[in-house]
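Please look over the sequence and structure before reading the points below.

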Amino acid sequence: MGNVPTTVKHCLSYEQLLQDYPWLRRWLLEEKTIAGHEYPEFVKIVEVGPRDGLQNEKEIVPTGVKIKLIDMLSGTGLPVIEATSFVSSKWVPQMADHTDVLRGIQRAPHVRYPVLTPNIQGFQDAVAAGATEVAVFGSASETFSKKNINCSIDESMRRFEEVIKTAKERQIPVRGYVSCALGCPHEGHIEPSKVAEVAKRLYEMGCYEISLGDTIGVGTPGSMLKMLQSVMKEVPTSSLAVHCHDTYGQALPNILTALQMGVSVVDSAVAGLGGCPYAQGSSGNASTEDVLYMLHGMGIETGVNLAKVIEAGDFICSALCRKTNSKVAQAKGKTL
Amino acid sequence: MAAVLRLVNRSAFTSTMGQQYVAFSSSAKAKAAGVRAGQALPEKVKIVEVGPRDGLQNEKTLVPTETKIHLIDMLSASGLPVIEATSFVSPKWVPQMADQVEVMKGICRIPGVSYPVLTPNLKGFQAAVKAGASEVAIFGAASELFSKKNINCSVDESLQRFDEVMRAAKEAGVPVRGYVSCVLGCPYEGKVAPEKVAHVAKRLYSMGCYEISLGDTIGVGTPGSMIEMLEAVSREVPVNALAVHCHDTYGQALANILVALQMGISVVDSSVAGLGGCPYAQGASGNVATEDVVYMLHGLGIQTGVDLSKLMDAGAFICRTLNRKTSSKVAQATCKL
C-alpha cells in the first residue's frame with residue numbers, strides 16, 4: 001500500500017488533519033526498508049540558516065541580504081524557513097531588524113516562516129509583525145540555561161507557558177527546541193532522561209514539535225540513539241526533530257541514526273551557516289546541501305531542489321565573504 | 001486508502017488514547033530500532049591508516065623523507081594497527097613516493113603493527129620486498145575508463161598483472177591486500193554497477209588477497225548506494241574480508257561508514273587529518289579524517305586500540321609541516337575549546 005492518494009489528501013486537507021491530530025501521523029506516514037533498517041519516505045527539512053545560522057555570524061548582515069536569502073530559500077521547495085528572532089537587540093544585535101525582515105520577505109504559499117520568541121513581549125512583537133508560527137528554546141542543562149538566558153530551566157518553562165497559552169488563543173503553532181541534548185559546554189554529559197523531561201514538558205504545554213539540538217556537536221550515533229530512546233518514551237516520534245551540529249563531523253551519521261529511529265524532521269542551515277560559539281573557528285550547523293545529498297541518495301523525498309539551495313548558499317557566502325561549510329557545494333563548484 | 005480506512009475505524013479513539021498509543025508504540029519501535037542498530041555493530045574495528053601513502057600522494061608539496069618517517073613513527077605510537085607506509089610505483093608517475101626505499105628502511109617498526117606498501121606490478125613487488133616490506137597491496141578498479149586513464153590498461157589486463165604479483169607474494173609468504181576503486185561512482189563513467197564491483201572484488205579475493213578494500217574514490221556515495229554495493233559484494237566475498245575506504249568529498253563518509261558497520265564491515269580506511277584532496281574536484285576534500293572516524297567509533301563504544309590524542313598530535317605535526325589546515329573536524333574543534 002502506497003502513500004495516501006493525492007485526491008484523498010486534498011479532500012481531507014491532509015496537512016490540517018496532521019496538525020489537528022498529531023497522533024494520526026503514526027498511521028499515515030509510510031516507511032521504506034533498506035538493509036533491515038526502516039527509513040521515512042519523506043523528511044521535512046527545517047531550514048534554520050537565516051536565524052540560527054546568521055545569528056552566529058560575526059558581521060552584521062544587512063536587512064536586504066537577509067530578505068534576499070530567505071526569498072531565494074523560499075524558491076527551493078523548503079517547507080519551513082526560520083526567518084528571524086524576536087529577542088532583544090541588546091542580546092542579539094544580528095536580529096535587531098526582525099520586524100523589517102518579517103515584513104520584507106515574500107512569503108511563498110505552503111512555506112512556513114517560524115520566528116523565535118523567548119518571552120511574551122517577543123511573542124507580541126512577532127504577531128504584530130505578521131508572524132504565523134513561533135518557536136521557544138528550552139535547555140536540558142541548568143548551567144547552559146542560566147548562562148544563555150539568565151534563568152533556570154523551570155523559570156524558562158514558566159515564561160514559555162505564557163507564550164504558548166497566548167499562542168493557542170491566537171491559533172499560532174509553537175515549536176519547542178531543547179538545546180544541549182547530547183552534551184553541554186559547561187556541564188559536559190547530559191542525562192538522556194533530563195532531555196526527555198524537558199521535551200515532555202514542552203510537548204505537554206502544547207508545542208506541536210520538539211527539535212532536539214546537539215548544541216556543541218559532541219554527540220555520536222551512540223549518544224543520539226540513547227537520547228532518542230529516552231525521549232521517545234515521552235513524546236511521539238512523529239513530533240520529534242533533530243538539530244545536529246557538525247562541530248566534530250558527526251552530524252550526518254547522527255541524522256542517519258535519528259532517521260533509523262523513525263525521526264522524519266531534520267533541521268539544517270544552508271551552507272552550514274553559523275559557527276560554534278563554544279569552539280571558536282569550528283563549524284556549527286549541518287549544511288542543508290549535505291543533508292539533502294544524503295537523503296536524496298537514499299531515495300528519501302524532501303521536496304527540495306538541491307541545485308537551488310546551492311545557489312542560495314553561494315549567494316549568502318559571497319555576501320558574507322566567506323567559504324561555504326557545505327562539502328557538496330565545495331565539490332560541485334570544483335568538479336572537473 | 002487502507003490508511004484512511006484504518007483512520008475511520010479508529011475514530012473511536014480519543015486523542016489522548018491515541019497519543020498514549022502512539023507514545024507507547026513509538027517507544028516500542030524505537031527500542032526495536034535501537035536494538036537492531038546496536039546489535040549490528042562490531043565490537044572492534046580495525047583502522048587502516050592511509051595518510052602517509054594515499055594522503056601524502058595527493059598533496060601538492062613534495063614532503064621531505066624525514067617528515068614522512070616522523071609522521072609514520074608518530075602514527076605507530078598512537079596504536080593504529082595498520083599504517084600504509086609508501087608506494088613502490090615508478091617515481092616518474094608519482095614523484096611524491098620516490099623515496100619509497102628510504103622511508104621503508106627509516107621507519108621504526110612496532111611489533112604487531114603492519115606497514116603495507118603499494119605494488120602495482122612485479123617489479124614494484126620485488127623492490128618492496130628488497131626494501132623490507134612484509135605486506136603489499138594491489139589496486140584494481142570497478143570502472144574500465146578509470147582503469148585505462150589511471151593505469152593505462154583495462155581492468156582485466158590489470159588483474160593479469162596482479163596475478164604475477166600474487167604468485168610471487170605467495171611464494172614469499174607475503175600477504176596481499178586488494179583495493180577496488182570507483183565502487184560508488186566514477187569520474188568518467190558516472191554510475192558504477194554494484195555487480196561490476198562484486199566481480200572485481202571476487203577476482204581479487206580468489207586470486208589470494210586476504211582483504212578487499214572498497215573505495216568510494218570520488219566520494220559521491222551515500223548510505224543508499226553504499227548498502228546496495230555492499231549487498232552485491234558480500235554475496236561474493238565474506239564480509240569479514242571486506243573494508244571500506246570512504247572519501248569525504250560530499251561530506252558523506254561517516255554516514256557511509258556507519259551503514260557499512262551496520263552491515264558487518266569491521267575494517268575502515270582513513271587518513272590522519274584527512275590528508276589528501278580529491279584529484280577530480282580541485283580544492284575539495286578527499287580521504288575521511290582518522291580522528292573523526294575514531295571519535296565516532298569510540299562514541300559508539302567500539303574499540304579501535306587507537307589513542308585519539310596521540311593521533312591528533314600526529315595530525316597537528318603533519319599539518320604544521322605542510323603548512324595546511326587540518327581537514328579533521330575533531331582536530332579543529334578540540335584545539336579551540
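B:Cys153 is buried at a relative accessible area of 4% (buried is under 20%, exposed over 50%, partly exposed in between, with a 1.4 Å probe and protein chains only). The model is predicted: local features need pLDDT of at least 70, side-chain atom pairs count only at pLDDT 80 or more, and totals for chains, interfaces and linings use all residues. Residues are numbered from 1 along each chain as its sequence is written, chains are lettered from A and ligands numbered from 1 in the order in which they are written, and side-chain values use heavy atoms, with hydrogens and water left out.

**Cysteines**

- Over all chains, the disulfide count is zero (a disulfide is a pair of cysteine sulfur atoms within 2.5 Å).
- For B:Cys153, the closest cysteine sulfur belongs to B:Cys182; at 14 Å, that is too far for a bond.
- B:Cys182 is in no disulfide either, and its nearest cysteine sulfur, in B:Cys186, lies 4.3 Å away.
- B:Cys182 is buried, at 0% relative accessibility.

**Sheet of chain A**

- Nine strands of chain A form an open sheet with parallel pairing, in the order E4-E3-E11-E10-E9-E8-E7-E6-E5.
- Strands (E, at least two residues) and helices (H or I, at least four) are DSSP runs, numbered from the N terminus; two strands pair if DSSP finds at least two bridges between them.
- Strand E4 (80–81) and strand E5 (84–85) of chain A are the edges, each pairing on one side only.
- Strand E3 (residues 44–47) of chain A pairs with E4(A) in the parallel sense, over two bridges.
- A:Val46 has A:Val80, in E4(A), as its bridge partner.
- Helix H10 (residues 192–205) of chain A packs on the sheet, where it touches strands E7 (134–139), E8 (174–179) and E9 (209–214) of chain A. Contact means heavy atoms within 4.5 Å.
- The direction of H10 of chain A makes about 165 degrees with that of E8(A). Axes are lines fitted to C-alpha atoms, for helices over the stretch in contact, and angles run from 0 to 180 degrees between N-to-C directions.
- Helix H11 (residues 221–231) of chain A also packs on the sheet, touching E9 and strand E10 (240–244) of chain A, and its direction makes about 155 degrees with that of E10(A).

**Salt bridges**

- Over all chains there are 21 salt bridges (a side-chain nitrogen of Lys or Arg within 4 Å of a carboxyl oxygen of Asp or Glu).
- B:Lys46 pairs with B:Glu211, with the closest N and O atoms 3.0 Å apart. This pair joins strand E1 (residues 46–49) to strand E7 (residues 211–216) of chain B, so it ties together parts 165 residues apart in sequence.
- B:Lys46 is partly exposed at 26%, whereas B:Glu211 is buried at 4%.
- B:Glu211 also bridges to B:Arg177, with closest N and O atoms 2.8 Å apart. B:Arg177 lies in strand E6 (residues 176–181) of chain B, so this pair ties together parts 34 residues apart in sequence.
- B:Arg177 is buried, at 2% relative accessibility.
- B:Arg177 forms a salt bridge with B:Asp269, again with closest N and O atoms 2.8 Å apart. B:Asp269 lies in strand E9 (residues 267–270) of chain B, so the pair ties together parts 92 residues apart in sequence.
- B:Asp269 is buried, with 1% relative accessible area.
- In chain A, a salt-bridge network links A:Lys44, A:Arg175, A:Glu209 and A:Asp267.
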